[in-house]
Structure formats: C-alpha cells, structure tokens
Amino acid sequence: MKEAISIKLLYISLAVLCIVSSETKIRSMAMKLFDAHCHLQDQRVVDKAPLLIHIANAAGVVHIAVDGITEKDWHLVKEMSDEFDSVIPNFGLHPWYVEGKSRSWFNTLKELFEANPSAAVGEIGLDKSPLAKGVDFGEQVEVFKKQLQLAKDLKRPASVHCLDAFPELLQIMKEIGPFPAGVILHSFQGSPEVVPQLTKLGSYFSFSGHLMPLKEDKARKIVKAVPLDRLLLETDAPDALPTNPIFFVPGNATLNQPANVHSVLTYVASLLELSKEELADISYKNALGVFSFQGSKIPLK
Ligand SMILES: *[C@@H]1O[C@H](CO)[C@@H](O)[C@H](O)[C@H]1NC(C)=O
Ligand SMILES: [Zn+2]
C-alpha cells in the first residue's frame, strides 16, 4: 500500500516535470484538445494509465475516448471511466478478435450499454489487410453489422476501424444507415474518393500518427478531402507513436499516449495550412458534438 502511494507520488511529480519542462510547450497547451480514440486499457500501458491521463489533462487534452476491443478488456474501460471524468468509455468487439468471442458476447455488450449510458460503441470494424490475415471476413461482417445496428438503435456514435474494406463498409453503412449520431472512421487512411459518400451517411474522420508514415502528398489529399466540420484528432495510443512525439511513456519510448494528440494536431494543421489554434478549436468542437449523445458525460448542447 505504501509502495502504491509512493509510486503515485512519483508519477505525479513526473507529470509535473513533463509539463514544466518547456515554456513553449506550456503556451501551446492553452488549447483544448480531444483524443477521439485510444486504448489506455491495453496491457502495455494499463498500469500507467492514471499517470498518462494526468499528463494529458495537464496538457489540455480535456477528453479521452478509450476504446475496448474484446470482452476481456471491457471491464477495464468501464473502471477507467468510473475513476476518471475525462475518460469517455467505448465498448466494442474489434475485427481482429471476432474469433475469440464467447457465445454470450452480444448480450454482455448490450447489458454493458444499458448499465453505462455514457458509453459509445467501439472499436468495431472490417479489415481485409494483412494485419487481419487469417480472420474470417464473413464473421467480421456479421459481428460488425450487429454492433453497427446496435449503435444506430442506441443513438450513440460508433468508432470504426476500416482497412482495405471500404466497398464493403459503404455497402453495410448504406443498408443500416444513415447515422445521425455519427460514425467515426478512426485513424482514417481511406481514399479521398470515399469521403463524400461516407460523409453523407453521417461519418466523421479521425486522424492519428498512422497518417505520418504515408507520403506527405498522399496524406494531404486525404486530409483535404474531409469536410472541416467532420474532422477529428486521436492518438490510437499506445500504438501510432507520431514521428514528432512530445511525450514518451516512462520505461518505453516506443509507446504512444493521449498527450501526443498535440503532435497529430501539428501535423494535420500543417497539411491543411491552418494554425494549430484554429484546428484545435475546430476538431475539439466536432468531437464535443459527436460525443454529446443522450447520457454522455459531455452535456448535450
Ligand atoms: C516497448 O514496447 C514494445 C511494444 O509493445 C515492445 O515490443 C518492447 O519490447 C518494449 N520495450 C521495452 C524496453 O519494454
Ligand atoms: Zn484503435
């Protein structure tokens, strides 16, 4: 117990050190930001999540959407949300993990949403890329459709992972949609051509460090195709460490954290030729809009 307290103190002093380490950083931290998608429940960072949330809050990242990916981590997301006001819980079964689901997964999920009116749906999705090699696509579709329909019925936004499956995604969204509560295409890397149809169905487009390895010209075309009122920023932490990170996770410099949404802001603002302040304001308001559903921690406007 004593040890836990001293570790907490160490974390807090570390956080303070990070924040006061540079004056220029502090000035840029006056903006408000919203990390629209991350995984602080991930086993690589879960023990440091309280620290990472404090660092993010101190850096002006006012809200952090934390997305569960399997039945096994939903309780961690719930506990984090119960403990931290800034955490927006999201529950979903990610396409990579559909084959490990239990027979009762969908009932468990529905009960979670009933018990947690502040929860959004995610991470759900479709993946035909090599990352999902071996995962049956038919089963992905079945699991995705059920969860997307649930999001629609509950009138809550859904965070969607889509890699190499945009024709299928569009078809399903047309069948089930439109989505007035919003569908968030997280770490969006689709082609500019799919943006107008997805927009019409109610989509938002969220950018992360995953955009940074792309050729700058390609990234610019994608970002510029997105209507400004549908643009969000996220970290997808602990993955997708930006190429220009400001913050490092203690003990592992390869891992990402929500405070680095500042780095995503810097990059996307440069692609759009907007100031960081302008894009922070736009993306923050968009995120408040999509996450302010009935029952959310973010009050309805
Ligand atoms: C840091 O995290 C990565 C990704 O999980 C892992 O492969 C690596 O071994 C970790 N490094 C250390 C020093 O723990
Ligand atoms: Zn994710």
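The following exercises, with worked solutions, concern a predicted model.

**Exercise 1.** Determine which residues lie around ligand 1 and how they divide by class.

*Solution.* 
Step 1. List the shell: R44, N252, T254 and L255 are the residues around ligand 1.
Step 2. Sort the shell by class: it holds one nonpolar, two polar and one charged residues.

**Exercise 2.** Locate H161 and H186, and decide whether each is buried or exposed.

*Solution.* 
Step 1. Consult the record: an unreviewed UniProt entry lists H161 and H186 under "binding site". Their positions are spread over 26 residues of sequence, but they cluster in space, with a largest C-alpha distance of 5.8 Å.
Step 2. Find the elements: H161 belongs to strand β5, residues 158-163, whereas H186 sits in the loop between β6 (183-185) and α8 (195-200).
Step 3. Apply the cut-off: a residue is buried if 20 or more other C-beta atoms lie within 10 Å of its own. H161 has 27 other C-beta atoms within 10 Å and is therefore buried. H186 has 29 C-beta neighbours inside 10 Å, so H186 is buried as well.
Step 4. Examine the contacts, leaving aside neighbours within four places in sequence: those of H161 include E123, D127 and H186. Those of H186 include H37, E123, H161 and D236.

**Exercise 3.** Explain why H37, H39, E123 and D236 can be said to gather at one spot.

*Solution.* 
Step 1. Identify the group: the unreviewed UniProt entry also lists H37, H39, E123 and D236 for "binding site".

**Exercise 4.** Describe the surroundings of H37 and D236.

*Solution.* 
Step 1. Place each residue: H37 is in strand β1, residues 33-38, and D236 is in the loop between β8 (231-233) and α10 (261-272).
Step 2. Judge burial with the cut-off of 20 or more. H37 is buried because 29 other C-beta atoms lie within 10 Å. D236 counts as buried because it has 26 C-beta neighbours inside 10 Å.
Step 3. Read the contacts beyond four places in sequence: H37 touches, among others, A65, D67, H186 and D236. For D236, the contacts include H37, C38, H186 and H210.

Conventions:
Residues are numbered from 1 along each chain as its sequence is written. Chains are lettered from A and ligands numbered from 1 in the order in which they are written. This is a predicted model: local features need pLDDT of at least 70, side-chain atom pairs count only at pLDDT 80 or more; totals for chains, interfaces and linings use all residues. A residue is near a molecule or strand if its C-beta atom, placed from the backbone, lies within 6 Å of it. Ala, Val, Leu, Ile, Met, Phe, Trp, Tyr, Cys and Pro count as nonpolar, Asp, Glu, Lys and Arg as charged, and the others, Gly among them, as polar. UniProt positions are given in the numbering used here, feature names are shortened, and annotations may be inferred rather than shown by experiment. Helices (H or I, at least four residues) and strands (E, at least two) are DSSP runs, numbered from the N terminus. A residue is buried if 20 or more other C-beta atoms lie within 10 Å of its own, exposed if 12 or fewer, and partly exposed in between; C-beta atoms are placed from the backbone. Two residues are in contact if their C-beta atoms, placed from the backbone, lie within 7 Å.
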